[in-house]
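Me: I would like to learn how to read a structure like this one. Please show it to me, and I will ask about it piece by piece.

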Amino acid sequence: MDWKSFAAEAAGGSLKYVLIMAAIIIPVMIMLELARERKLLEKLAAKTGPVLSIFGMSPEASFPLVAGFLFGISYGAGVIIDSARSGRITVKDMILVNIFLSVCHAVVEDTALFLALGASPLVIITGRLAAAIIITYLASRSIFIRRYGEGTGG
Amino acid sequence: MAAVIKRGVVKGLTVTLELAKIVVPVYILVTFLKYTPVLGYIAKIAQPIMKMVGLPGEASVAIVLGYFTNLYAAIGAIASLNLSSKETTIIATMLLIAHSLPMETAVSKKVGVSGLAMVTIRVILSVAAGAALNLAM
């Protein structure tokens, strides 16, 4: 085994990648913080709200959905718990939000990570979004979820 | 404004550091495997399955790491493998749909969704997306 070229490739390659990563992820994080400051979430949620009727969800569910979609599960979960406590979101909608987010969350950060590797951001986001829409639609039509629907009137 | 930017920089550095802690060791390990016959064996065994999603056999290492541990480990492996941009896009989409499955199963259960059902669905969606992208791209 060629130890010298192994050491050069392992050290050089990993360092290079971490630097590329930092160069992409730091600006992305600044943009996310600015978006949060500008109340982008509220504006976007207002627009996506009516679309959620295809999943039989109420417009109120769009805020935690958009929050998790853009900022990630942990941020979205905080919003979901808050929405659930204040009674703005039904159990059925909460489960559907979770199913959607389990496949498609933190798109900005996640996509940036793979952008550094040379993947196409548009294809990644479209593919993930399509998978999330399919699974959420199927779940919203399933017997499992209808059981919750009867109980909450949603 | 300055406070917002500072918060973004701190978050960016935190993510980079967390990432580096996993990406660097995995990158070194996979690079080591490349220099031994081991990666070649793994590639040969996995090749027939990986071909369905248009990926080389070696990429199975990244898929397994991503499914069972987390995205950062998978990223370390992908960075070391020198995949083409089409292959990177396919593996990225597959891994983003399904990753960290043992941990996220626990989360699913908390909200009242069967963990096993969720894992099964995500893996199926992941492989289906890989196969679809392989044909479409």
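Me: In which helix of chain B is B:T120 found?

Reply: Helices (H or I, at least four residues) and strands (E, at least two) are DSSP runs, numbered from the N terminus. B:T120 is found in helix α7 of chain B, residues 115–136. This is a predicted model, where local features need pLDDT of at least 70, side-chain atom pairs count only at pLDDT 80 or more, and totals for chains, interfaces and linings use all residues. Residues are numbered from 1 along each chain as its sequence is written, and chains are lettered from A and ligands numbered from 1 in the order in which they are written.

Me: Is B:T120 buried or exposed?

Reply: A residue is buried if 20 or more other C-beta atoms lie within 10 Å of its own, exposed if 12 or fewer, and partly exposed in between, with C-beta atoms placed from the backbone. B:T120 is exposed because it has 12 other C-beta atoms within 10 Å. In chain B, buried residues make up 42% of the 137 residues.

Me: How many helices and strands does chain B have?

Reply: Chain B has seven helices and zero strands. Its C-alpha atoms fill a box of roughly 50 × 40 × 30 Å along the principal axes.

Me: At what angle do the axes of α2(B) and α3(B) cross?

Reply: Axes are lines fitted to C-alpha atoms, for helices over the stretch in contact, and angles run from 0 to 180 degrees between N-to-C directions. Helix α2 (residues 38–50) and helix α3 (residues 59–68) of chain B have axes that come within 8 Å and cross at roughly 80 degrees. Angles under 35 degrees count as roughly parallel, over 145 as roughly antiparallel, 65 to 115 as roughly perpendicular and the rest as oblique. Therefore α2(B) and α3(B) are roughly perpendicular to each other.

Me: Which residues make the contact between α2(B) and α3(B)?

Reply: Two residues are in contact if their C-beta atoms, placed from the backbone, lie within 7 Å. Here α2(B) brings B:I42, B:A46 and B:M50, while α3(B) brings B:A59, B:S60 and B:V61.

Me: Where in chain B is confidence lowest, and where is it highest?

Reply: pLDDT is the predictor's confidence in each residue, from 0 to 100. Where pLDDT is low, the predicted coordinates should not be read in detail. Confidence in chain B is lowest in helix α6 (residues 101–110), at a mean of 79, and highest in helix α5 (residues 85–97), at 97. The mean pLDDT of chain B is 93, with 99% of its residues at 70 or more.
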